[in-house]
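The following paragraphs lead the reader through a predicted model. Please keep the sequence and the structure in view while reading.

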Amino acid sequence: MSSLTRFGGRLTVRLQSLTRPQVVVLMLVVVLVAGIWTAAGTGHQGLAVSLVAALLLGVLLGILHLSRWMGGMHRANQAANRDLRTVVEQMQRRVVATVEKERLTAGDRHQDLSRTITRGLRQNGHGHDLLLRSQSREFEAMFQLFQEFTPRAPMPSSGDFALNPTDLLELLHIVRLHQPQLVVELGSGTSSVWLGYALEKIGGRLISLDHDEDYAARTRTMLEAHGLGAVVEVRTAPLTELLLDGRAYQWYDREQLKDVRDVDLLVIDGPPAATGPDARFPALHAMESKLAPTATIVLDDANRADEQDAVRRWTENITGLVSEPHLIGRHAVLSYSRSGAKVSV
Ligand SMILES: C[S@@+](CC[C@H](N)C(=O)[O-])C[C@H]1O[C@@H](n2cnc3c(N)ncnc32)[C@H](O)[C@@H]1O
């Protein structure tokens, strides 16, 4: 394709893209130029000059219009620029404010976190201290227990389900003080062995109830190993329903207690809490008639809500039953006097 043809094509495209006023102006220019040529060619000099003047005037007016249009465009452009700058400045201010706010809240959050961590470390340290102190109390108690007795076989572990050394130490102190001839224990295990040694010394005996045949058998085996079979008798007493004030509890089968009377010391360490709410509450209602005229009751786990509630209800409802102060451990000590007279514990 020749360059002339390409030029023609481009020209056609441009002409097609002209607006109607531009087409009118172009037509006028073409008519004027044609008029000038014709007037000059036919010797009408005056007309040709007039047409040239008209053409120049038109060009001048066109330039004026163009410059006004460009001025307007320039002003519109400046106004748009100003608006854009305002919008950008506002956005910048908003971004800076948001970043500043975030920075401040991050600072606050950081302070909160530091405070929580410091508090946690302090509490942890406190918990650690408490644990160390309670452990050292248990070690001291264990040391005293072994000073008093020389076991004939390895002693079973204390703590967890079994009585803690501090509780065992006070229990054996009560045995030494009151010299009970008959002790009944609800919940057999490590305590049965320690009580066995203490009662062997003073000529007393222990009946220990266990609701679970396996645990009862384990306790019997331990007692045999320690040569305490003649001092301690472990009875299996499955849990059965016991009604108290219209409420049903699961408690040891009372058939296993029918020959029991004159209990000098009652140790309540069962049934386990997992067998039901207020699991140990029925103990005193079931055992009161079997207590000696004066007796001592030791309830383990008295730090728990159910046990604290049981002590409150017992002492409120059973005449002659009094809560006594105790030295160490997490158990409660109660004294019982059928006559209601004060008993020294
Ligand atoms: C609190 S325990 C009695 C513990 C016992 N007086 C002693 O000092 O070793 C009450 C009953 O829980 C059951 N028991 C003992 N050890 C247990 C264990 N590790 N897990 C589940 N039950 C256990 C036994 O049936 C026991 O009679």
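**The ligand and its surroundings**

In this predicted model, the ligand is surrounded by 15 residues, and the closest of them are Leu163, Thr190, Ser191, Asp210 and Asp269. Sorted by class, this shell consists of 5 nonpolar, 6 polar and 4 charged residues. As for its location, the ligand sits in the largest pocket.

At leucine 163, a polar backbone atom is 2.8 Å from an oxygen atom of the ligand. At threonine 190, a backbone N or O atom lies 2.7 Å from a ligand oxygen atom. Aspartate 210, by contrast, takes part through its side chain: one of its polar side-chain atoms is found 2.6 Å from an oxygen atom of the ligand. How much of the ligand's accessible area does the protein cover? On its own, the ligand has 580 Å² of accessible area, of which the protein covers 83%.

**The two domains**

The view may now be widened to the chain as a whole. The protein chain is divided into domain 1, which spans residues 1–148, and domain 2, which spans residues 154–337. The C-alpha centres of domain 1 and domain 2 are 86 Å apart. Where the two domains meet, 8 residues of domain 1 are in contact with 11 residues of domain 2.

Notes: Residues are numbered from 1 along each chain as its sequence is written. This is a predicted model: local features need pLDDT of at least 70, side-chain atom pairs count only at pLDDT 80 or more; totals for chains, interfaces and linings use all residues. Side-chain values use heavy atoms; hydrogens and water are left out. A residue is near a molecule or strand if one of its heavy atoms lies within 4 Å of it. A polar contact is a pair of N or O atoms within 3.5 Å; within protein, one must be able to donate a hydrogen and the other to accept it, and residues adjacent in sequence count only if both atoms are side-chain atoms. Accessible areas come from the Shrake-Rupley method with a 1.4 Å probe; for residues, only the protein chains shown count as cover. On a 1 Å grid over the protein atoms alone, a cavity is a set of points where a 1.4 Å probe fits but cannot get out, and a pocket is an open set with protein on both sides within 12 Å along at least five of seven lines; lining residues have an atom within 4 Å of a point. A molecule sits in a cavity or pocket if more than half of its atoms lie within 2 Å of its grid points. Ala, Val, Leu, Ile, Met, Phe, Trp, Tyr, Cys and Pro count as nonpolar, Asp, Glu, Lys and Arg as charged, and the others, Gly among them, as polar. Domain bounds come from an automatic or database domain assignment. Contact means heavy atoms within 4.5 Å.
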